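Q: I'd like to go through the contacts in this model with you. Can we take it one interface at a time?

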Amino acid sequence: MTVQPRIVRGEGFFLAPISRPAEGSIGKTGTWRTMRPVVDLEKCTGCYVCWLYCPENTIVKTGDGKVAIDYDYCKGCGVCAEVCPFKAIRMVEEG
Amino acid sequence: MEIRFHGRGGQGAVTAANLLADAAIREGKYAQAFPHFGAERRGAPVVAFARISDRPIEIHSRIKNPDIIVVLDPRIFDLVNVADGLKPGGIVVANSTVRRVEGYTNYCVDATGIARRLGLVISGWPVVNTTMLGALVRATGIVSLDSILGVVRENFRGKLGEVNSRAVLEAYESARRC
Amino acid sequence: MVVRSLTGNYAVAYAVKLARVQVVSAYPITPQTTIVEKLSEMIEKGELKAKMVRVESEHSALATVFGAASGGARAFTATSSHGLLYMHEVVWWAAGSRIPLVMAVVARSIGPPWNIHVDHQDIFDQRDTGWIIGVAQENQEVLDMTLQAFRISEDPRVYLPVMVGLDGFILSHTRAPVDVPDQDLVDEWLPPRRQPYVISPETNVVMGNIAPDEVHYLMRYSMHEAMERAKRVIEEVDRSYAEVFGRSYGGLIECYKCDDADILVVITGSWSGDAKHAADRLRSIGINVGVARVRFIRPWPRERLVEIARDKKLVIVFDRAVSMGSLGPLFMEVSSTLYPYGTSLAGVIAGLAGVDVSYEDFERAIKTLVSKLEEQGRLYIPQFWLFPEGFESEEKRLEVARKWL
């Protein structure tokens, strides 16, 4: 299958039940965090396991083979720190 | 032209109806073949139908008044009324040397004997579908012998195709008015 | 082009192959099974380059093709009766997500008691899901409708999944001549797959999220609008198919001698052929009958039916299903459509659970209703049960009830 990812609109009045991460009615959900993930770029090997597991799509591939966190939407659940095989993500207290 | 096949589960009545329709379609005619599935098990009486016409066939209901009936097992005569609804002047083609239906044109063939001789036996059961098609062609000329042989060779490859073709030919030659 | 002797199920498989479907997933159920058996064989022989995904249920089968289709693949599944009921949740998901895909539904009655024969209960059970639902009369149409289904489903004016209904055994297991089109022509006629969005690991798309109530409301409106547009698309696809392949079925409704008819039969599925035969025979004794064969029950061809039926002396609807506690589902559609015109109406419920309905049965029912019309001048009989032969009297029916108690 070689179909390129793309968004094509239907004709007429068209609504599909999909959405892009965007500011919701409650604002940026990053404010919900009590703990924040911090990436140790020395240890990060770019395996992207965290990217695969993040339930909120807030792990960003930075283009240099590493990752960064989108703190606007990261809710601080800690899944990334849990799954990282290299212990490259630490959860630290907000504030 | 409407044909009803009576057999017992495992003898090949459904395949016989299918091959007959295939042969008619091969001749450029319109045809339809369909089974009637109830609670069939191996050995239980089964029915299959075929329609052949020069015009497209739009009727889909079961055949009540066939022009021809084909009986694949002599014991079926004792289990069901095979002639039920058979049109006046209809033709009966039976795998039997003795059984016939009074008041109709009857053709007899020892299909079981032919099938056994040729080794057309599956799990101890003689399979007489292709044999009975040979007899049907002899009795009615509803399709040509070549068409039947063509579809038999297409559906049964290699040695099985050869044996089934021989079954068709032997039945074609030995079917008799009775 | 080559004419083959094919069962309805094989006609589906050939169409799926011609459409170059990339992912197939299904769970076996009678009388559907031979569709995916044939497709497996085609894939195994290398005639069809597709992935066959084996699953443990129909729910997973549709989920699999829904996922594959969301990811950009042309995908297909098939089921029947209880299998369709089991996948019902995902049926809504696929349509609500606006993902084009095609499913063959081999119509079969629903148990208990267990039964494998045809009626339309399973298909009408999907009526409100947002799928386009077509029902074929012959094996040739099964092939043609399946091919057309891909084009309709993937049309940007539609973007809804399509079910192709074919009657169990009567079509699915019946051999008949089918003209199988050339691959080159199909490739030219069927555009490359289009869909509203494609999910991939690289796109941050959220599916199945909670939308505000108002947006949910608007999505229903959007689907409904697409259904309305689909009516035009179905007619267009029928015409363009006819230009290339030489076969037209009249789009939403096939009209058989409708124009000069006094009595109009409205019906869907394979038994329409028997109804047409009955119409011809009744015409020979002076009862002018025509047959409007509904090819698509969704979108409901409201406007077309009004054109054809409003001025008839009597419209008789034949239902092979019943909405228990109400009426025949096709009758409900027809009667609400014709309500403003005051047309005389009768709804016959027959052939449930594969009970054979012959052209003589059609003639019997039509004659009875026509004579009632003549007595009364105007007719409204919303349910007229055409009981199986021998069970017309209540006494007989009670006898059966006692036997089965």
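Q: To start, how is chain C divided into domains?
A: This is a predicted model, and in it chain C is split into domain 1, residues 2-245, and domain 2, residues 253-385.

Q: And how far apart do the C-alpha centres of those two domains of chain C lie?
A: The C-alpha centres of domain 1 and domain 2 of chain C are separated by 28 Å. As for the contact itself, 32 residues of domain 1 of chain C touch 30 residues of domain 2 of chain C.

Q: What area is buried between these domains of chain C?
A: About 2500 Å² is buried between domain 1 and domain 2 of chain C, with carbon and sulfur atoms giving 56% of that area. On the domain 1 side of chain C, the residues that lose the most area to domain 2 are Phe124(C), Arg127(C) and Gln137(C), which together make up 26% of what that side buries.

Q: How many salt bridges are there between the two domains of chain C?
A: The count between domain 1 and domain 2 of chain C is five salt bridges, and there are also 16 residue pairs in polar contact, both residues being at pLDDT 80 or more.

Q: Which elements sit on the domain 1 side of chain C?
A: Those giving two or more residues to the side that touches domain 2 are helix H6 (121-124), strand S6 (132-135), helix H7 (139-153) and helix H9 (213-245) of chain C. The largest share, seven residues, comes from H9(C), and by class this side of domain 1 of chain C has 15 nonpolar, eight polar and nine charged residues.

Q: Switching topic, how many residues do chain C and chain B each bring to their contact?
A: Chain C contributes 29 residues and chain B contributes 19 residues, and the two chains bury about 1900 Å² between them, of which 51% is on carbon and sulfur atoms. Arg175(C), Pro177(C) and Asp356(C) supply 31% of the area that chain C buries against chain B, more than any other three residues.

Q: What does Asp22(B) form a salt bridge with?
A: Asp22(B) pairs with Arg175(C), and their closest N and O atoms are 2.4 Å apart. The rule finds one salt bridge across the interface of chain C and chain B, together with nine residue pairs in polar contact, both residues at pLDDT 80 or more.

Q: Where does the largest share of the chain C side come from?
A: H10(C) gives the largest share of the side that touches chain B, namely five residues, and that side of chain C divides into nine nonpolar, 10 polar and 10 charged residues.

Terms used: Residues numbered from 1 in each chain as written. Chains lettered and ligands numbered in written order. Predicted model: local features only at pLDDT ≥ 70, side-chain atom pairs only at ≥ 80, totals over all residues. Heavy atoms only, no water. Domains from an automatic or database assignment. Contact = heavy atoms within 4.5 Å. Buried area = accessible area lost by both parts, 1.4 Å probe. Salt bridge = Lys/Arg side-chain N within 4 Å of Asp/Glu carboxyl O. Polar contact = N/O pair within 3.5 Å; in protein donor to acceptor, adjacent residues only side chain to side chain. Helix = DSSP H or I, 4+ residues; strand = E, 2+ residues; numbered from the N terminus. Nonpolar A, V, L, I, M, F, W, Y, C, P; charged D, E, K, R; others polar.
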